[in-house]
Amino acid sequence: FRVSLPPSEADAGPDRTLCGKDTVDLAAIAPTAGTGFWTILSAPNAPTFSSFSDPHAHVSGLITGTYTFRWTVSGGPYCPPSIDGVVITVYAAANAGADVSYCDATTVELTGNIGSVGVWTNINGPSVPTITPTIPASNKSTASPLVVGTYQFRYTVTYPGCASKDSLFVTISGQPTTASAGPEQFLCKSTSPYYIDLHGN
């Protein structure tokens with residue numbers, strides 16, 4: 001006969017909802033018999049685990065969406081493992097991205113953080129552009145027409161019991177004046193000072 005010890009019952013901890021956060025510390029119960037490890041069943045991206053064998057693993061890089069993780073406790077080779085799952089629902093804080101500058105642009109694309117659904121608005125600037133969602137209920141919009149100057153746009157996300165906003169500055173520079181070095185000049189001098197006046201615009 002071959003006998004193995006069964007694992008202790010897996011407990012992945014309670015389901016959780018995160019508001020404005022992109023990290024979480026999992027709360028599985030450490031096994032009293034056997035060893036445990038985490039697996040990712042479903043996720044909107046590939047998050048980073050501090051350790052797949054730590055019941056209280058720190059998970060980072062979360063974006064808006066739903067994550068399902070499984071905690072598996074394995075005992076001896078002849079015993080089936082014990083499994084339990086946990087669902088982490090994430091509503092990440094609004095992120096409008098880094099400030100940007102363009103040369104002579106009349107239309108720009110505004111993109112909020114990946115996975116989020118939000119609304120772009122114009123806070124101030126030298127004109128009042130029209131903001132149009134690129135895709136309905138997404139994180140992208142376009143602003144047009146733009147003129148030379150600096151605009152402030154705001155990205156706002158609103159979920160049940162969770163709302164946040166972030167701003168982005170967009171600077172539009174005009175085309176430079178066409179360069180002109182002035183007319184050709186010819187100089188013949190036999191004594192100093194030797195100099196010439198240039199006439200760039």
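**View 1. Strand β12 and its two partners.** Strand β11 (residues 130–133) and β12 run antiparallel and are joined by 4 bridges, where strands are DSSP runs of type E with at least two residues, numbered from the N terminus, and two strands count as paired if DSSP finds at least two bridges between them. This is a predicted model, in which local features need pLDDT of at least 70 and side-chain atom pairs count only at pLDDT 80 or more, while totals for chains, interfaces and linings use all residues. Residues are numbered from 1 along each chain as its sequence is written, and side-chain values use heavy atoms, with hydrogens and water left out.

View 2. In strand β12 (residues 140–144), S141 and A143 make up the covered face, whereas K140, T142 and S144 make up the uncovered one.

**View 3. Surroundings of L110.** L110 is found in strand β9, and its bridge partner in β12 is S141. Is L110 buried or exposed? L110 is buried, with a relative accessible area of 1%; buried means under 20% relative accessible area, exposed means over 50%, and partly exposed lies in between, for a 1.4 Å probe and protein chains only. Leaving aside residues up to four places away in sequence, L110 touches W120, N139, K140, S141, A143, F153, L168 and V170, where contact means heavy atoms within 4.5 Å. The C-alpha atoms of L110 and T132 are separated by 9.8 Å, although these residues are 22 residues apart along the chain.

**View 4. The largest nonpolar core.** The largest nonpolar core has 20 residues, and those with the most contacts inside it are L26, W38, F69 and I88; such a core is a set of buried Ala, Val, Leu, Ile, Met, Phe, Trp, Tyr and Cys residues joined through side-chain atoms within 4.5 Å. The elements that give two or more residues to this core are β6 (65–74) and β7 (82–91), and β6 gives the most, with 4 residues. L26 touches W38, F49, P55, H56, A57, V59, F69 and I88, when residues up to four places away in sequence are not counted. Apart from this core lies another, of 17 residues, among them L146, F153, Y155 and L168.

**View 5. An open sheet of four strands.** In the order β1-β7-β6-β3, 4 strands form an open sheet whose pairing is mixed. Because β1 (16–19) and β3 (35–42) stand at the edges, each with a single partner strand, one side of each is left without a neighbour in the sheet. Strands β3 and β6 pair in the antiparallel sense over 7 bridges, and W38 stands opposite W71 in β6.
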